[in-house]
Number of protein chains: 2
Amino acid sequence: MIDLIKTYRVIGGKKVNLSSYPTRADESLGDRASVSKFTEEMINRMRDLQYRLYVEAKQSLLIVLQAPDAAGKDGTIRRVLGRMNPQGCRTYPFKVPSSLELRHDFLWRIHACVPGAGQVSIFNRSHYEDVLIARVDSLVPPKVWQRRYDHINAFESLLADRGTKILKFYLHISHEEQLDRFESRLDEPEKHWKLNAGDYAARDQWDDYRKAYEDAMRKCSTPESPWFVIPADQKWYRDAVIAGIVAQTLEKMDPKLPKLDVDLEQIRQLYEAARSKLSG
Amino acid sequence: MIDLIKTYRVIGGKKVNLSSYPTRADESLGDRASVSKFTEEMINRMRDLQYRLYVEAKQSLLIVLQAPDAAGKDGTIRRVLGRMNPQGCRTYPFKVPSSLELRHDFLWRIHACVPGAGQVSIFNRSHYEDVLIARVDSLVPPKVWQRRYDHINAFESLLADRGTKILKFYLHISHEEQLDRFESRLDEPEKHWKLNAGDYAARDQWDDYRKAYEDAMRKCSTPESPWFVIPADQKWYRDAVIAGIVAQTLEKMDPKLPKLDVDLEQIRQLYEAARSKLSG
């Protein structure tokens, strides 16, 4: 089987060319049926390991999802990441900053949502918007967003030093598949609320966003906090790759259930005494 | 079929006697297989309605779970409530207050976690601990905890006025079933970390807790924020009742997808133009 982490991880420091990354399945992982079986196995493995992470309460996992519109961030959360136990996992959508948030540095609202020991945070969009939309739409001058890559690296390294593993997923969808998905929303009344003319405007900025993503990955993909480019044209394959990378990452983190510091025999005797009292 | 809301809701203002509430299944709901089928239907209904609640972004749902040890709060979250979409739903465990939290009134940390418009919050323990353990273990003098029922009612009515529906579930487990579950943990190494001598101590306070719960329900079960006593000796039945009450409550809240304010035909034309540009 292919090594998912190695195959889809971005090596930082070098020029990144998104066109050289596939948007479709690698057939060596098998056909759709066997890939979906693999996904279920990985999700179960992820859930088991998340339980251990939670009980161990030492390490943390932060998952960042970034993608063009309709690339499947919501679906990835619903079908894969959201199947973690919610007691140890929270999802944070980062939308247009509020007026309070804008009165702070761009990492202030992010820092408030990072996972504590034993916890997982899922970011639906993130601090990377501050070097993506902020750059493409000129929300701040270049000298402001250009400084942000260093700030991001320093911030992520602070988290890593406290025991947080960071996985950053870019859902890589082709321009054609995006258009198909936009069009299919027209036929699904339950999804009409998602429609807006802005989707179409963003399509015009496709190349600008590509360039902004490539720079963010080049500057901010590090061994402790890597970017991954996930083939996202086929939902079943996207799910498999993400489930696999998360499960394999948790495996490497190797969370351990704490050693028992109580006397099992003593507890057993207490229970037995209680039982005779109840029946007596 | 029995009306779950009516059957298990506590009418406030009158003396509550927990012994008069069943801890086991009402057989009129059917046998275990048909009850489990009902549970799945209710969970699917709950998920559909939660999607609408999220998109509508007007109303909120707050679910409070309280119970003796081993009564199944974690299992209820894992098997039922945790199956909501995590993008609109967060779980908050309230443990021993931190030193910062203790420097505030008892509702300060709770208020920070209530659901915003479109959101669901699940409280694993809650502000009710401040009239339960605080009373049973004399953490504060009686004149302090006695004042708290009024504070709780005022607080919950503030939330209700802003569009928050509150459901408070007491998982009602028999003393015998609790002992069975404690004992079974001895045989499951994955659960040994849950064992501590405190479980046994709390068993000695069983009657004190009962009385404290009965008072909390009498004083704080209101039509806008009712308490429910859920039979919890059988996990499958507990799941069915909770899934049913949540689904039926969401049904009554009747969240609506927003009306479409875009011109579908205009969007269709934009997409068609984009398609010919792509293929051209």
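Me: A salt bridge is a side-chain nitrogen of Lys or Arg within 4 Å of a carboxyl oxygen of Asp or Glu. How far apart are the closest N and O atoms of A:Glu41 and A:Lys37, which form a salt bridge?

Reply: This is a predicted model, in which local features need pLDDT of at least 70, side-chain atom pairs count only at pLDDT 80 or more, and totals for chains, interfaces and linings use all residues; side-chain values use heavy atoms, with hydrogens and water left out. Residues are numbered from 1 along each chain as its sequence is written, while chains are lettered from A and ligands numbered from 1 in the order in which they are written. For the salt bridge between A:Glu41 and A:Lys37, the closest N and O atoms are separated by 3.6 Å.

Me: Is A:Lys37 buried or exposed?

Reply: A:Glu41 and A:Lys37 are four residues apart in helix α2 of chain A, so about one helical turn separates them; helices (H or I, at least four residues) and strands (E, at least two) are DSSP runs, numbered from the N terminus. Buried means under 20% relative accessible area, exposed over 50%, and partly exposed in between (1.4 Å probe, protein chains only). A:Glu41 is partly exposed at 42% relative accessibility. A:Lys37, because its relative accessibility is 58%, counts as exposed.

Me: How many residues apart in sequence are the parts that A:Arg83 and A:Glu40 tie together?

Reply: A:Arg83 forms a salt bridge with A:Glu40, with 3.0 Å between the closest N and O atoms. A:Arg83 lies in the loop between α3 and β2 of chain A and A:Glu40 in helix α2 of chain A, so the parts that this pair ties together are apart in sequence by 43 residues.

Me: In which helix of chain B do B:Lys37 and B:Glu41 both lie?

Reply: B:Lys37 and B:Glu41 form a salt bridge, their closest N and O atoms being 3.6 Å apart. B:Lys37 is exposed at 57% relative accessibility, and B:Glu41 is partly exposed at 42%. The two residues are four positions apart, about one turn of the helix, and both lie in α2 (residues 32–56).

Me: By how many degrees are neighbouring strands of the chain A sheet turned against each other on average?

Reply: Chain A has twelve helices and five strands. An open sheet of five strands, with parallel pairing, has the order β2-β3-β1-β4-β5 in chain A; two strands pair if DSSP finds at least two bridges between them. The edge strands of this sheet, each pairing on one side only, are β2 (89–93) and β5 (227–231) of chain A. With direction ignored, neighbouring strands are turned against each other on average by 20°.

Me: What angle does the direction of helix α11 of chain A make with that of β4(A)?

Reply: Axes are lines fitted to C-alpha atoms, for helices over the stretch in contact (heavy atoms within 4.5 Å), and angles run from 0 to 180 degrees between N-to-C directions. Strand β1 (residues 60–66) of chain A runs parallel to strand β3 (residues 120–124) of chain A, and five bridges join them. Helix α7 (residues 142–161) of chain A packs on the sheet, touching β1 and β4 (164–172) of chain A, and its direction makes about 130° with that of β4(A). Helix α11 (residues 235–253) of chain A also packs on the sheet, where it touches β1, β4 and β5 of chain A, and the corresponding angle is about 170°.

Me: Which helix gives the most residues to the side of chain A that touches chain B?

Reply: In total, 49 residues of chain A are in contact with 48 residues of chain B, and the two chains bury about 4700 Å² between them (the accessible area, 1.4 Å probe, that two parts lose on being put together, summed over both), 59% of it on carbon and sulfur atoms. Eight salt bridges cross this interface, and A:Arg275 and B:Glu183 meet in a salt bridge at 2.8 Å, N to O. Among the elements that each supply at least two residues of this side of chain A are α2 (32–56), α8 (175–186) and α12 (264–279) of chain A. The most, ten residues, comes from α12(A).
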